[in-house]
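Have the sequence and the 3D view open as you read.

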Amino acid sequence: MRQVRTSKIILVVLTIALFLSLFISILPVKLACAQVDKLIWKTVDTPAPLLANNIIVSPSEINAITVGPDNQTLYALDIPNKKVYKSIDSGISWDNSTQITTNLDLVATLPAWDIVVAPDDTNFVVAITSNIAGTLPKQVFISFDGGQNWESTAFESVSSDTIGCISISACYCDGKRDIALGT
């Protein structure tokens, strides 16, 4: 008797669920979409010698750009010419002197293949440079002063994998950070 009653309750619940699913399916459904005035994507040219007023340093071939948390400090990498450039005015002007490159070249084998700035400190910068043979992105260097001085992390990818991406965490736990590397 109790089993028949439980079966009837289940049958009623399933019938209601079926009815509701049919009713809901005939209601007009709007797909989720971004608001037109909120998310707008546009193509932006990267700095290049052939584009008027869009040159970091001529001649240069910019392969990577990173922006600091102040939205004014930018670093640009010119891999073929083994240069690292810095702007402190949102990219309006760029350091031509190659001072950053020279300082990095004193401790690392250029080119720098990737560069990233900490999300909470414009002066904390990490760069991926070539290994000693000078051909593969395998070494990690850190600057605590916005690229004026660099020091080795003593980390080098020893496998056949090269470092393909990098990220830095915000500061936590008595000034410590995580540096994530991807191969």
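**A buried phenylalanine and its partner**

Phe-124 is buried, at a relative accessible area of 8%; buried means under 20% relative accessible area, exposed over 50%, and partly exposed in between, with a 1.4 Å probe and protein chains only. This is a predicted model, in which local features need pLDDT of at least 70 and side-chain atom pairs count only at pLDDT 80 or more, while totals for chains, interfaces and linings use all residues. Residues are numbered from 1 along each chain as its sequence is written, and side-chain values use heavy atoms, with hydrogens and water left out.

- The count of aromatic pairs comes to 1, where rings of Phe, Tyr and Trp (its six-membered ring) pair if their centres lie within 6.5 Å, and planes under 30 degrees apart count as stacked, over 60 as edge-to-face and the rest as tilted.
- Phe-124 and Phe-144 form that pair, which is edge-to-face with 5.3 Å from centre to centre and 70° between the planes.
- The pair links distant parts of the chain, since Phe-124 sits in strand β5 and Phe-144 in the loop between β6 and β7, 20 residues apart.

**The overall layout**

- The protein has 2 helices and 9 strands; helices (H or I, at least four residues) and strands (E, at least two) are DSSP runs, numbered from the N terminus.
- Along the sequence, the pattern reads α-β-β-β-α-β-β-β-β-β-β.
- Of the 183 residues of the protein, 32% count as buried.
- Among contacts with a separation of 6 or more, 31% are between residues 24 or more positions apart; contact means heavy atoms within 4.5 Å.

**The sheet of β1, β2 and β3**

- Strands of a sheet pair through backbone hydrogen bonds, either parallel or antiparallel.
- Here, an open sheet of 3 strands runs in the order β1-β2-β3 with antiparallel pairing; two strands pair if DSSP finds at least two bridges between them.
- The edge strands, β1 (64–67) and β3 (83–87), each pair on one side only.
- From one strand to the next, the twist averages 15°, with axes as lines fitted to C-alpha atoms (for helices over the stretch in contact) and angles running from 0 to 180 degrees between N-to-C directions.
- Between β1 and β2 (residues 74–78) there are 4 bridges in the antiparallel sense, and Val-67 has Leu-74 in β2 as its bridge partner.

**Thr-73, between β1 and β2**

- Thr-73 lies in the loop between β1 and β2 and is buried, with a relative accessible area of 4%.
- The side chains of Thr-73 and Asp-70 make a polar contact at 2.9 Å; a polar contact is a pair of N or O atoms within 3.5 Å, and within protein one must be able to donate a hydrogen and the other to accept it, with residues adjacent in sequence counting only if both atoms are side-chain atoms.
- Not counting residues up to four places away in sequence, Thr-73 touches several residues, including Thr-66, Lys-86 and Thr-122.

**Strand β5 and its neighbours**

- In β5 (residues 121–130), 8 of the 10 residues are buried, so the strand is largely enclosed by the rest of the structure.
- Strand β4 (residues 109–118) is joined to β5 by 7 bridges in an antiparallel arrangement, and a hairpin connects β4 to β5 through 2 residues.
- On its other listed pairing, β5 meets β6 (residues 137–143) in the antiparallel sense over 6 bridges.
- Which residue in β5 is the bridge partner of Val-116? Val-126 is that partner, and Val-126 also stands opposite Ile-142 in β6.

**Loops around β8**

- Thr-162 is in the loop between β7 (151–156) and β8 and is partly exposed at 26% relative accessible area.
- Thr-162 and Thr-183 are 21 residues apart in sequence, yet 5.5 Å apart in space from C-alpha to C-alpha.
- Ser-169 belongs to the loop between β8 (165–168) and β9 (179–182), and a polar atom of the Ser-169 side chain lies 2.7 Å from the backbone nitrogen of Asp-178.

**Cysteines**

- The structure holds 0 disulfides, a disulfide being a pair of cysteine sulfur atoms within 2.5 Å.
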